[in-house]
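Subject: Structure for your review

Dear colleague,

Please find below the structure that I would like to hand over to you.

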Amino acid sequence: MKYNQPDSYGHFNQFGGKYVPETLIPAISELEKLYVAEKSNPEFISTLKKLLKHYSGRPTPLYFAERISNDLGFNVFLKREDLNHTGAHKINNALGQILLAKKMGKTRIIAETGAGMHGVATATVSAQFGLKCVIYMGEEDIRRQKLNVFRMNLLGAEVRSVSSGSKTLKDATNEAIRDWVTNVENTYYLIGSVVGPHPYPMMVRDFQSIIGTETKQQFREIKKSTSILPDFVIACVGGGSNAIGMFYPFINDKVKLIGVEAGGHGVNTDKHAATMTKGELGILHGSASFLLQTKDGQIKLPHSISAGLDYPGVGPEHSLLKSINRANYFSVTDDEAVLAFQWLSKKEGILPALESSHALAYLKQKNNGIKPNQNVIICLSGRGDKDVHTIADYLGTEI
Amino acid sequence: MNRISDIFKTKSEKVIPFLTAGYPTLNDTVDMVLSAEKAGADMIEIGMPFSDPLADGPIIQKASQIAIENGVNIKWILETVYKIRTYSEIPIVLMGYINPIIKYGLKKFLTECNSSGVDGLIIPDLPPEEATEFIEKCKINKISPILLVAPNTENKRIKYISHLAGDLIYCVSILGITGSKSSKNNNLEKYLQRVKIYSECPFVVGFGISTRNDVRSINKISDGAVIGSAIINKFNKNESPQETVFNYIKELRGNE
Ligand SMILES: Cc1ncc(COP(=O)(O)O)c(C=O)c1O
């Protein structure tokens, strides 16, 4: 049977849905109606296509990474989302949503951000469209991603520091939702991943699917074949937007899909963000999905060296893909991710984001199931400039 | 018939305090509820703390955090209600987010709500779209599902929500979170008039209520006023939380 998710209520089997206060129901209903109409509107499609091409610089290359392939004994191709304008895949989604916000007549944009890449993308499109922009960011993330905070300020956005809970992405999301409840009449909430209430997980997936769609075609061009498919596609999973964007166009194909989440200090410690490995079904930020929680159903504080993966939940569609065994999820530790960061930098001359480094680190793991000469595609979701302070701290180097 | 439908049969001014379970300490909850009743409260809302309360402002967020640190969980809350039932027949409603309930087990939770003496439930992150099973199981257990409406809820939907709820609905007074200032303009009055016309059941109003005047004016159009963050704001070093609750409810009732 062909994969067709979510249903019209926004459920991915037992996952997803719209668990939001009544105040937000009119806003998400309006957004859903508008999005469903616009996604098949030729004018909307061509406007977005033009922006992706001329503003963001798409298509991004699919690059054969020969030197790491030689190290590994199989063929590694990097989908270079780091070469997008603003330096990550987040802009694909931000451009799509800002067009909808504009259509809805909203004058104020809010967003949450962890690593700051989504915050930068949102600040960027808000500047481009002349809309007021407020970004919520955890105090801890403001500290470790200060380069991005300054970028957002330069772009004219206000960055509001959030000091509750773990002071990271979860708490920034709580605060953004509270702002949205209060200012729902003039404010559009530009969610940065495939999380939140319906229609966000579906809509953000659709906007990010350009990653997988281009990849499939580019791989065939490289291989000079109209039907060949890679053996594996691999992506890191925070909320899961770059991963689902890469997976979705391959979902009905015979291709192994692998999501890599943050193992922090190890999944058997209490310092990790391995939601798929260690989470249980729960409800947070508007949808049902796997969730790191205590026995009393309180949300656990996650940990990852990578701010973009430091989140106790995951997009509902990933929970579905895991539960139907269509995708597999693994974790790598902070240490493995940093090693992968250094490895790619030295071997290929590319500084990957710490988030993307998790996907790369999977290649180095024993028993990863990849056989010699197989073709593997990695979603290189973002560039690593923002992480140099974190890496320097980790290595005990002053910069 | 449960205790809730009983008290709303007669039209009179109603004061409904919201108290976070296990805050400021585990020992305070039973006595605070009993003091509130003695001071003239008509119904009690007990807040079930959650780590990520999306509909709450900083005051209730902080109280929830402390309550969780004090060790409050669903089991403790149900036992506490059961204890209160030895002394009091005041209607008790639990208010909390859906995740801890799902983790506890919806069916088990509702059965135990019934056996502990809980009369109703308010779940701010469970809109009717996701509440089918919840409403059905509430009704089996004679618990009132108190669904919410907001200022931007359309008339037809108010009617629909009140129909699903049956016994009572909760009107969020503002677009916003708990502890925000209530809107003083006539928007609130217009909104409550709308609810009065379209609701098929009684309705209480909460968020941002803090004075005797608020209580009086809200009760003129609705069936009751809920006071939450303002109570926590009244806590001080010079009296026990029970005394604060007693004195403040008296004040809100208009008989100091
Ligand atoms: C470069 C990069 N990759 C990945 C992520 C994780 O998000 P998602 O799982 O939604 O792709 C982030 C989030 O901040 C990011 O900045």
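The notes below treat the ligand and its surroundings, and then the contact between the chains.

Please bear in mind that this is a predicted model.

I begin with the ligand. It sits in the largest cavity. There are 18 residues around the ligand, and those that come nearest are A:S193, A:G238, A:G240, A:S241 and A:S381.

For A:S193, a polar side-chain atom lies 2.5 Å from an oxygen atom of the ligand. In the case of A:S381, an N or O atom of the side chain is 2.6 Å from a nitrogen atom of the ligand. Taken alone, the ligand exposes 390 Å², and the protein buries 97% of that area.

I turn now to the two chains. Here, 34 residues of chain A are in contact with 32 residues of chain B. The size of an interface is often expressed as the accessible area that is lost when the parts come together. Between them, chain A and chain B bury about 2,700 Å², and 53% of this lies on carbon and sulfur atoms. Of the area that chain B buries against chain A, 25% is supplied by B:L54, B:K103 and B:E130, more than by any other three residues.

Yours sincerely,
A colleague

Conventions: Residues are numbered from 1 along each chain as its sequence is written. Chains are lettered from A and ligands numbered from 1 in the order in which they are written. This is a predicted model: local features need pLDDT of at least 70, side-chain atom pairs count only at pLDDT 80 or more; totals for chains, interfaces and linings use all residues. Side-chain values use heavy atoms; hydrogens and water are left out. A residue is near a molecule or strand if one of its heavy atoms lies within 4 Å of it. A polar contact is a pair of N or O atoms within 3.5 Å; within protein, one must be able to donate a hydrogen and the other to accept it, and residues adjacent in sequence count only if both atoms are side-chain atoms. Accessible areas come from the Shrake-Rupley method with a 1.4 Å probe; for residues, only the protein chains shown count as cover. On a 1 Å grid over the protein atoms alone, a cavity is a set of points where a 1.4 Å probe fits but cannot get out, and a pocket is an open set with protein on both sides within 12 Å along at least five of seven lines; lining residues have an atom within 4 Å of a point. A molecule sits in a cavity or pocket if more than half of its atoms lie within 2 Å of its grid points. Contact means heavy atoms within 4.5 Å. Buried area is the accessible area (1.4 Å probe) that two parts lose on being put together, summed over both.
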